[in-house]
Amino acid sequence: MRVLIFGFGKVGKELRNLIHEKRKEVPELKDVEIVATVTRKGISYGDREGFVADEPFDLDKLEKVKPDVVVDTSSANYETGEPSVSLYYRAFELGASVVTTNKAPLALKFGEIMERAKKHGVKVGFQGTVMSGTPSVNLLRVLPGVRVRKLRGILNGTTNYILTRVSEGATFLEALNEAKAKGYAEEDPTLDLNGFDAAAKIVILHNFAFGKNMTIRDVKFSGIQNLKEDEVKNAMAKGMKPKLVAYAEEGRVEVSLKYLTREDPLYYVDEVENALSVETEVQTVTIRGPGAGPRQAAYGALADLILMKRGLI
């Protein structure tokens, strides 16, 4: 399997590390060859620990390196999804599959991307877009023969950390500053605080679970930027906790602040942990684990590469 890594920042480098670390113990990785890495600086041919641009990158270079899989670990562009969307389409035309940890293309054009992949007989792996390496997309893959009724999740670690700390008595501003100091929040955390990040994730899960083509623009979402500390105190006194809950049923997707009781499994998901509950007509399955981090996101991509080799994607 010839792999091109598009985006060679923290996640891309961790993916390379994982491939090398796991190659001897995971049979599916023995013939995985990194043929090039790409950044804004250009394309670097071969498998190198550090990035050195050999020449500028354009989509014609795909034909030169002939990857079997393009792995997209680049940063998200929620305006257009570019340059990733054009990269995927060119890869598909050349018979290459795509694995991505980049949410934006699928949050904007899920149906179109999947349709084009199907047309060209290639696959798309996207576990790393939701909950990083904790199975979410891939949890849905291993629930065959059931009908998903509802999805509920805590899909953003930044807001969950802040809500946990406010529940413990911190002010919103104290909790936000702590999150920034610990690396849990970006310097500009707007897309986390306003619910956008969780909305992008839940719309991807909704589309995959229900076979729909909604976009982030169809999602009704709100966040925690206007959190009232007194309201949290009153809820805690009644045994409830605030959580930013992403919710989906067929044709309906939303993200909003909810006060959960102890009977709800999401009540116990604190700090930067993420969780997803999948309700079917047979049972409800809840999974929880880390939802962010370069190594975790890289593992999401690695898992997809292994599952592709096994014919499970």
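Author: Helix α4 passes helix α9 in a left-handed crossing, a term used when the near helix is turned anticlockwise from the far one by less than a right angle (clockwise would be right-handed). This is a predicted model, in which local features need pLDDT of at least 70 and side-chain atom pairs count only at pLDDT 80 or more, while totals for chains, interfaces and linings use all residues. Residues are numbered from 1 along each chain as its sequence is written, and side-chain values use heavy atoms, leaving out hydrogens and water.

Now to the two helices themselves. α4 covers residues 103–119 and α9 covers residues 196–210; they pack at an angle of about 55°, with their axes 9 Å apart. Helices here are DSSP runs of H or I with at least four residues, strands are runs of E with at least two, and both are numbered from the N terminus. The axes are lines fitted to C-alpha atoms, for helices over the stretch in contact, and angles run from 0 to 180 degrees between N-to-C directions. That angle makes α4 oblique to α9; under 35 degrees would count as roughly parallel, over 145 as roughly antiparallel, 65 to 115 as roughly perpendicular, and the rest is oblique.

Who touches whom? From α4 come K103, L106, A107 and F110, and from α9 come D197, A200, K201, V203, I204, N207 and F208, with contact meaning heavy atoms within 4.5 Å. These residues divide into seven nonpolar, one polar and three charged. Ala, Val, Leu, Ile, Met, Phe, Trp, Tyr, Cys and Pro count as nonpolar, Asp, Glu, Lys and Arg as charged, and the others, Gly among them, as polar.

α4 also meets α3: their axes come within 11 Å and cross at roughly 10°. That makes α3 roughly parallel to α4. On the α3 side the contact is made by S84, V85, Y88, Y89 and F92, and on the α4 side by P105, K109, E112, I113, R116 and A117. Here too there are seven nonpolar, one polar and three charged residues.

Eight aromatic pairs are counted, where rings of Phe, Tyr and Trp (its six-membered ring) pair if their centres lie within 6.5 Å; planes under 30 degrees apart are stacked, over 60 edge-to-face and the rest tilted. Among them, Y78 and F196 are edge-to-face, 4.7 Å centre to centre with 80° between the planes. Y78 sits in the loop between β4 and α3 and F196 in α9, so this pair ties together parts 118 residues apart in sequence.
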